[in-house]
Amino acid sequence: MRILLITHYYAPEFGAPQRRWSALAQRFLAAGHQLTVVTPVPHYPEGRPTGELARRHRVGAVERGAHGETVLRTAFLPHRSADIVTRSADHAVAGADALRRLLLRFRRPETRPDVVIATAPAIESLLVGRAVASLWKVPLVVEMRDAWPDLVTHIGAAAAITPVPTRPVSLPRAALRGIAAQVKRAVHAGVSEWQQGADEVVTTTERFAEVLRERGNRSVDVVRNGADLELVTLHQDHPAGREELRCLYLGNMGRSQGLENVVRAAARLHHEGVPIRVRMIGHGVEAHRLRALAEELDAPVSVHGRIPHREVRTQYAWADTVVVSLRDWEPFAWTVPSKLYELLATGRHVTAVVAGESARVVHDAEAGDVVPPGDVDALVDLWRDLQADRSRAQVRDSGRTWVAANASDEVLAESYLRILDGLAASASRR
């Protein structure tokens, strides 16, 4: 098959969508298929290319990817990573340029793809995918890596770590909130329509697939995020006789994660005299607030920036338990953080501050303990018990076994190719 992927995030950037599609691309190419990826010049997460990326990648370049895929680099708009307005403008610029370049590159019908995959976020990728798939009369796969569009209506409700004093709402502010609400409703309706107009919708969780089927989507399949078991080490080593409980969070520090509750739980245990140490590593808009909150509460929490992937193994070896956390928002009950599969594969005990499908995965994999999102008391109780009884945090291989059966990159690529094979075969019979 000739496969076209439209995505805003791609290697050599680091992140969950980049890792997902690098793993799939490798296996699509190994199976004998052709893959063209249209994506901006690498500029995530800083909002602009830095260092070697700025020197190696140019707008309009046609590159050979790490696995033999063709990568068409589009324009982008430099922006502040934490600013949703400039980031959205960046998505729009990249989408418009992608459409222009695709129409030029595939002018001749005999060169066109057999199937188009548009993956969101960004929303503009869906628009471009729908446009070219309709024009070329080829099947369109809409891939929803998160519970979009529902998360659009919840992000703005995120509580800040530092409470904002209540004050009267001015008329201009009230008007802006009204406009924002209308935009959210329009986005929700538009994305839902694009999902229903696709030949296939691919989600990363069973529950969100059910939600979309209930809304009338005629063809929805699940291809989870996953982990490469050849790259993720099972950490059999577990230091004995250590008094302090070591808790590791590794990932994005955004509004969605609710990590302020992790800081508050660690502070309470510290003031009780329970030996505990929490290490947070990653990036995100809340990192500086988490650092300030830890200092304010005298919490035994250190907040660090992103680290090279080669250093991740050392961090897992340091930890007694690894943390995955999401806020108590309904759409998050339909999602599973992509990092969870890697955590399962390490063999470390998982502290899962999640609900819904994520909680079910941890239970099914017998990989750790689940506490309700937002329940600081439950988290304090769990960590107090783990510190007192280290047998509860012993190394286990049940999580890795679950990943091998349900979420390894090999299994996921085979599932995805079966979907694409079916679409291409149906299109050829039309």
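The buried residues of α13 are Val376, Ala378, Leu379, Val380, Leu382, Trp383, Leu386 and Gln387, where buried means under 20% relative accessible area with a 1.4 Å probe and protein chains only (exposed is over 50%, partly exposed in between). Helices here are DSSP runs of H or I with at least four residues, strands are E runs of at least two, and both are numbered from the N terminus.

A quick note on the source: this is a predicted model, so local features need pLDDT of at least 70 and side-chain atom pairs count only at pLDDT 80 or more, while totals for chains, interfaces and linings use all residues. Residues are numbered from 1 along each chain as its sequence is written, and side-chain values use heavy atoms, with hydrogens and water left out.

Back to α13: the helix covers residues 376–388. Among the elements that cover its buried residues are β9 (245–252), α8 (260–272) and β10 (276–283).

Now the packing. A nonpolar core is a set of buried Ala, Val, Leu, Ile, Met, Phe, Trp, Tyr and Cys residues joined through side-chain atoms within 4.5 Å. The largest one has 33 residues, and Met253 and Trp383 are among those with the most contacts inside it. Its largest share, seven residues, comes from α13. A second, separate core has 29 residues, including Leu344 and Val350.

Elsewhere, eight strands make an open sheet with mixed pairing, in the order β3-β4-β2-β1-β5-β6-β7-β8; strands pair if DSSP finds at least two bridges between them. The edge strands are β3 (62–64) and β8 (220–222). Strands β2 (34–40) and β4 (70–74) pair in the parallel sense over five bridges, and Thr36 stands opposite Thr70 in β4.

Tyr10 sits in the loop between β1 and α1 (16–30). Why call Tyr10 buried? Because its relative accessible area is 2%. Leaving aside neighbours within four places in sequence, its contacts (heavy atoms within 4.5 Å) include Trp21, Val37 and Val71.

| Pair | Kind | Distance |
|---|---|---|
| Tyr10 and Glu69 | side-chain polar contact | 2.7 Å |
| Tyr10 and Arg20 | C-alpha to C-alpha | 9.2 Å |

Notes:
Expected span 1.5 Å × (residues − 1). Polar contact = N/O pair within 3.5 Å; in protein donor to acceptor, adjacent residues only side chain to side chain.
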